[in-house]
Amino acid sequence: MKVTEHLKRAKKTLFSIEVLPPLKGDGIDSLFKHIDPLMEFKPPFIDVTYHREEYVYKNRGNGLLEKRTSRKRPGTVGICAAIQNRYNVDTVPHIICGGFSIDETEDALIDLHFLGIDNVLVIRGDAIKSEGRFRQEEGGHNYALELMQQVKSMNKGKYLDEEIQNPVPTDFCIGVAGYPEKHFEAPNLKSDIHYLKKKVESGAEYIVTQMFFDNQKYFDFVKRCRTEGIDVPIIPGLKPITTKKQMTILPSIFHIDLPEALGDELEKCKDAKAIKQVGIEWCVQQSKELMDFGVPSLHYYSMGKAEPVYNIAKQLF
């Protein structure tokens, strides 16, 4: 079932999660152990992230370095199928521009269609860690809008090979990302929302936001989107802080701010247990306020840690 169908049928705020594929070499049982306890709260859909390649330099022992390409978390398509088979729950694979040609993208979408997966979240993806800015794959897309248009074309039965006779159209429900604090490469929020509107006009059916810790930024973002004529569901993305390092890591990686009140509470903590408790309590209060606002779903970035999300959901769902 499509994400938008779940949202339309819901009589209250839904619970959904985003999971990471296991690291290469790990078994899928570690992922199942992460998801198992969270199924108590009946998530109608689970997002599975896609991770682009990274460059690794190996010392060859003669003073030279060998550049190798590595994908640390492969298997998104297979994991989506495994989750649907094990839990009978819909999955939302992330489809990214980085590291994929348009032909590879089409093949991935065909596999997803064969597996009966009805949803995709279309994002550009990040730059390679060793590079300062995003570079498109040769023969690939540079922007999420271009990638989304490819998915939309397949939904109309238009494949890259124009000689295909009577092609079967796909029927993906397309989600895109939104940034309450703007995408870090956008010059301002107005510009960012302008391009978000273009995605909606081109066929995006719902939006999932980047994590945020100040609900007012989400409320303001939704208001500006509605003012600009963006009328699709906007699902807030949340993450509980679980370690002191995340006070600096999350703002650095995701280009977000931590409210002063949250920072002050975390600074008072004497140990890791106290930090985790503050993070959970803050996320619970965020969630309650968002539920009162009437959000369609609360989407938790679990980051491979089920316990904090479980403790939050236990108080809400």
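Me: What makes S2 and S5 a pair of strands?

Reply: In this predicted model, S2 and S5 are joined in the parallel sense over 4 bridges, and since two strands pair if DSSP finds at least two bridges between them, they count as paired. Among the positions that face each other, Ile-46 stands opposite Thr-91 in S5, and Val-48 stands opposite Pro-93 in S5.

Me: How do you know that S5 is also paired with S6?

Reply: The reasoning uses the cut-off of at least two bridges: S5 and S6 run parallel and are joined by 3 bridges, so they qualify as a pair under that rule.

Me: Into what do the strands close, and in which order?

Reply: There are 8 strands that close into a barrel in the order S1-S2-S5-S6-S7-S8-S9-S10, with parallel pairing. Neighbouring strands of this sheet are turned by 30° against each other on average, when direction is ignored. Helix H5, residues 144–155, packs on the sheet, where it touches S5, strand S6 (119–123) and strand S7 (173–178), and the direction of H5 makes about 155° with that of S6.

Me: Why is S5 described as largely enclosed?

Reply: Because 7 of the 7 residues of S5 are buried, the strand is largely enclosed by the rest of the structure. Both sides of S5 take part in this: Asp-90, Val-92, His-94 and Ile-96 point one way, Thr-91, Pro-93 and Ile-95 point the other way, and all are buried.

Me: What makes S9 mostly covered, and which strand is it joined to by 3 bridges?

Reply: Strand S9, residues 234–238, is mostly covered in that 5 of its 5 residues are buried. Ile-234, Pro-236 and Leu-238 point one way from S9, while Ile-235 and Gly-237 point the other way, and all are buried. Strand S8 (residues 206–211) runs parallel to S9 and is joined to it by 3 bridges, with Val-208 having Ile-235 in S9 as its bridge partner.

Me: Why is Ile-35 called buried, and what does it touch?

Reply: Buried means under 20% relative accessible area, and Ile-35 has a relative accessible area of 0%, so it is buried. This residue lies in helix H2, residues 29–35, and, not counting residues up to four places away in sequence, Ile-35 touches Val-19, Ile-46, Ile-83 and Tyr-87.

Me: Is Cys-269 buried or exposed, and how do you know?

Reply: The relative accessible area of Cys-269 is 13%, and because the limit for buried is under 20%, Cys-269 is buried. Cys-269 is found in the loop between H9 and H10, and, leaving aside its neighbours within four places in sequence, it is in contact with Ala-274, Ile-275 and Val-278.

Me: How do you know that the buried residues of helix H9 are on the same side?

Reply: In H9, residues 260–268, the buried residues are Leu-262, Gly-263 and Leu-266. They cover an arc of only 100° around the axis, which puts them on the same side of H9. These buried residues pack against helix H8 (246–254) and helix H10 (272–293), whereas the face turned away from the buried side carries the exposed residues Glu-260 and Lys-268.

Me: Why is the aromatic pair of Tyr-50 and Phe-100 named as it is?

Reply: A search of the whole structure finds 10 aromatic pairs. In the pair of Tyr-50 and Phe-100, the distance is 5.1 Å centre to centre, with 75° between the planes; because ring centres must lie within 6.5 Å and planes over 60 degrees apart count as edge-to-face, this is an edge-to-face pair. The pair links distant parts of the chain, 50 residues apart, with Tyr-50 in the loop between strand S2 (45–48) and strand S3 (54–59), and Phe-100 in the loop between strand S5 (90–96) and helix H4 (102–114). Both Tyr-50 and Phe-100 are buried.

Me: What makes Arg-86 a charge that sits over the ring of Phe-32?

Reply: The charged end of Arg-86 sits over the ring of Phe-32, 4.2 Å from its centre, and the distance part of the rule asks for a position within 6 Å of the ring centre, so the value of 4.2 Å meets that part.

Notes. Residues numbered from 1 in each chain as written. Predicted model: local features only at pLDDT ≥ 70, side-chain atom pairs only at ≥ 80, totals over all residues. Heavy atoms only, no water. Buried < 20%, exposed > 50% of the residue type's maximum accessible area, 1.4 Å probe, protein only. Helix = DSSP H or I, 4+ residues; strand = E, 2+ residues; numbered from the N terminus. Arc of directions from axis to C-beta. Contact = heavy atoms within 4.5 Å. Phe/Tyr/Trp six-rings, centres within 6.5 Å; stacked < 30°, edge-to-face > 60°. Lys NZ or Arg CZ within 6 Å of the ring centre and 35° of its normal. Axes fitted to C-alpha atoms, helices over the stretch in contact; angles between N-to-C directions.
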